Amino acid sequence: MLQSHDIGGPQTLLRLDNVNVSFPVYHGGSRSLKKAILSRSSAGRIARDANDRITIDALRDVSLSLDKGDRLALIGANGAGKTTLLRVMAGIYEPFAGTVQIHGRISPMFDIGLGIDSDLSGYDNIRIRGLLLGLSAKQIDRILPEIVEFTELGDYLDMPVRTYSSGMILRLTFAVATCYEPEILLMDEWISAGDAHFMTKARERIDSFVKKASVLVLASHNLDVCRRWCNKGVWMDRGSVRAFGPVEEVVAQYHAHEY
C-alpha cells in the first residue's frame with residue numbers, strides 16, 4: 001500500500017515496511033521457460049500464487065527508512081531487485097504486501113525523454129515536460145530563459161523536435177529534467193549527456209541537482225559513484241536486503257561476497 005503525505009513533522013521522508021512484490025509468469029507451464037528462469041541465479045525466487053501460476057518474487061520483506069539528507073546507493077547484481085525497488089518507491093509498482101510511506105514529492109529520473117512530442121517545437125516540449133514534472137505555468141515561465149541558455153539550441157527551439165539530432169534531443173530533455181529542486185530523487189544509473197563539451201556542463205548541473213534533493217536513491221553498478229554520492233547503502237540479492245547501513249560497510253560486504 002502506498003501512502004503519501006506532505007513534507008513536515010518527522011524527518012523520515014521515505015519508509016518501507018515489509019514490502020513484497022511479485023510478478024506472474026504467464027504461459028509458465030513450459031519446462032523450458034522454468035528451466036531458463038532457474039538458470040538465472042540472480043533473479044528473484046520462483047513461487048506459485050493462489051491460482052497456481054508461476055510467479056517471480058521480485059521483492060521480499062524489504063524494510064528501510066530514509067531521513068532528510070540521506071543518500072542511498074542500491075547495490076547488487078543484475079536482477080537483484082534494484083530497479084523494482086526504485087519503481088515501488090516511485091509508485092509505479094504497488095506491493096501486494098507491506099507499506100510504502102512517502103513524505104514529499106517523488107522525482108523519478110528513469111526516462112528523461114518522457115512526454116517529448118516530435119511534432120511540437122522545443123519551446124512547446126519544454127512547457128509540456130515542465131507540467132508533467134508538476135510545475136505551474138508561472139514556474140515554467142520563470143525558469144524558461146535558464147533552460148534555453150543551457151541547451152545552447154538557439155533558434156532550433158522554434159522548430160519541431162523531429163528535426164533535431166539525437167544529441168540535440170538529449171540536451172533538451174536533460175535541461176528540462178534538471179530544472180527544478182527535487183525532494184525525493186530516484187535515479188537508475190548515473191546520467192550521461194552526449195558530446196564532450198556538453199558533458200562538462202552536464203556533470204556540473206547534475207551535481208548541483210542532486211545536492212538540492214532532500215533524499216537521493218541511486219541504483220548503480222558504479223561503486224565509485226555510489227561512494228562519492230551516498231552515505232548509506234543497501235545490498236540487494238534476489239529481491240531481499242542482504243545488508244543496509246553506511247555505504248562503505250555495505251560495499252565492503254558486497255565486494256567480499258562477489259570477489
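**Helix α4 and its surroundings**

Reply: Let's start with helix α4, residues 137-151: it has 15 residues and spans 20 Å from its first C-alpha to its last, close to the 21 Å expected at 1.5 Å a residue. That expected span is 1.5 Å times one less than the number of residues. Helices (H or I, at least four residues) and strands (E, at least two) are DSSP runs, numbered from the N terminus.

Me: Before we go on, what kind of model is this?

Reply: This is a predicted model, where local features need pLDDT of at least 70, side-chain atom pairs count only at pLDDT 80 or more, and totals for chains, interfaces and linings use all residues. Residues are numbered from 1 along each chain as its sequence is written, and side-chain values use heavy atoms, with hydrogens and water left out.

Me: Ok, back to α4. Where does α4 bend?

Reply: At Ile143, by about 45°, and a proline, Pro145, follows within four residues. The bend is the angle between axes fitted to the seven residues ending at a residue and the seven starting there.

Me: And which residues of α4 are buried?

Reply: Ile140, Ile143, Leu144, Ile147, Phe150 and Thr151. Buried means under 20% relative accessible area, exposed means over 50%, and partly exposed is in between (1.4 Å probe, protein chains only). An α-helix has 3.6 residues a turn, so residues three or four places apart point the same way.

Me: What covers the buried residues of α4?

Reply: The cover includes α3 (122-132), α5 (166-177) and α6 (196-212).

Me: What follows α4?

Reply: Glu152, which has a positive phi, near 60°. Glu152 also turns up in a salt bridge with Arg171, with the closest N and O atoms 3.1 Å apart. Arg171 lies in helix α5 and Glu152 in the loop between α4 and α5, so this pair ties together parts that are 19 residues apart in sequence. A salt bridge here is a side-chain nitrogen of Lys or Arg within 4 Å of a carboxyl oxygen of Asp or Glu.

Me: Are those two buried or exposed?

Reply: Arg171 counts as buried because its relative accessibility is 12%. Glu152 is partly exposed, at 42%.

Me: How many salt bridges does the structure hold?

Reply: There are 12. One of them joins Glu248 and Arg227, whose closest N and O atoms are 3.3 Å apart. Glu248 sits in helix α8 (residues 247-258) and Arg227 in helix α7 (residues 223-229), so they link parts 21 residues apart in sequence. Another pairs Arg242 with Asp237, at 2.7 Å between the closest N and O atoms. Salt bridges that share partners also join Glu152, Arg171 and Lys201 into one network.

Me: New topic: Thr178. Where does Thr178 lie?

Reply: In the loop between α5 and β8 (184-188). Thr178 counts as buried because its relative accessibility is 6%.

Me: What is Thr178 in contact with?

Reply: Leaving aside neighbours within four places in sequence, Thr178 is in contact with Met109, Arg205, Ile206 and Phe209. Contact means heavy atoms within 4.5 Å. The side chains of Thr178 and Arg205 are joined by a polar contact of 2.6 Å. A polar side-chain atom of Thr178 also lies 2.7 Å from the backbone oxygen of Phe174. A polar contact is a pair of N or O atoms within 3.5 Å; within protein, one must be able to donate a hydrogen and the other to accept it, and residues adjacent in sequence count only if both atoms are side-chain atoms.

Me: Zooming out, what is the secondary structure of the protein?

Reply: Eight helices and 11 strands. Of the 259 residues, 44% count as buried.
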